[in-house]
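Work through the exercises below with the sequence and the coordinates open. Each task is followed by a solution in steps.

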Amino acid sequence: MSDCLFCKIIAGEIPSTKVYEDESVYAFLDIEPQAPFHAIIVPKVHIASAAEITAENSGYIAKIYEAVAKIAKAENLEKGFRVVNNCGEQGGQTVGHIHFHLLARRNLAWPPG
């Protein structure tokens, strides 16, 4: 999608600090981190939100969670981490491309603030 911020990051049109990449997934550091380690993990195909996951595209979500495990291992996040997905305006989603926040290296309270 030509006007999507994350599609532009995936395409290299907007710079990012990559932490992981494979054929299906791209992960990069958040520019406004909410934890000492805060990565954004996105599928390389445009899926607008969790509300648009289907049988045809759900494999990308599995690949995201495989990437989470690989990133956690590479970044030594053995003390724990949180994976967050915001869906829709009231869910706090600010970019219309499904993405997952991987937060770590601090105690994360529940419920989140």
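**Exercise 1. Determine how β2 and β3 pair, and over how many bridges.**

Solution. Step 1: β2 and strand β3 (residues 37–43) are antiparallel partners, joined over five bridges. Strands are DSSP runs of E with at least two residues, helices are runs of H or I with at least four, and both are numbered from the N terminus. Two strands count as paired if DSSP finds at least two bridges between them.
Step 1: A27 has I41 in β3 as its bridge partner.
Step 2: The model is predicted, so local features need pLDDT of at least 70 and side-chain atom pairs count only at pLDDT 80 or more, while totals for chains, interfaces and linings use all residues. Residues are numbered from 1 along each chain as its sequence is written, and side-chain values use heavy atoms, with hydrogens and water left out.

**Exercise 2. Is β3 buried or exposed, and which way do its side chains point?**

Solution. Step 1: Apply the cut-offs: buried is under 20% relative accessible area, exposed is over 50%, and partly exposed is in between (1.4 Å probe, protein chains only).
Step 1: Seven of the seven residues of β3 are buried, so the strand is largely enclosed by the rest of the structure.
Step 2: In a regular strand the side chains alternate between the two faces of the sheet. F37, A39, I41 and P43 point one way from β3, H38, I40 and V42 point the other way, and all are buried.
Step 3: For β2 (residues 25–29), four of the five residues are buried.

**Exercise 3. Where is S24, and what does S24 touch?**

Solution. Step 1: S24 is in the loop between β1 and β2.
Step 1: Its relative accessible area is 11%, so S24 is buried.
Step 2: Leaving out residues up to four places away in sequence, S24 touches V42, P43, K44, Y60 and K63. A contact means heavy atoms within 4.5 Å.

**Exercise 4. Which values does phi take at N76 and R105?**

Solution. Step 1: Most residues other than glycine have a negative phi, and most peptide bonds are trans.
Step 1: N76 has a positive phi, near 55°. N76 sits in the loop between α2 (58–74) and β4 (81–84) and is exposed, at 54% relative accessibility.
Step 2: Phi of R105 is positive as well, near 75°. R105 belongs to the segment after β5 (100–104) and is partly exposed, at 46% relative accessibility.

**Exercise 5. Describe the overall fold and extent of the protein.**

Solution. Step 1: Two helices and five strands are present, in the order α-β-β-β-α-β-β from the N terminus.
Step 1: The radius of gyration is 14 Å, close to the 13 Å of the globule rule for 113 residues, so the protein is as compact as a globular protein of that length. The radius is taken over C-alpha atoms, and the rule is 2.2 Å times the number of residues to the power 0.38.
Step 2: Along the principal axes, the C-alpha atoms fill a box of roughly 35 × 30 × 30 Å.
Step 3: Of the 113 residues, 37% are buried.
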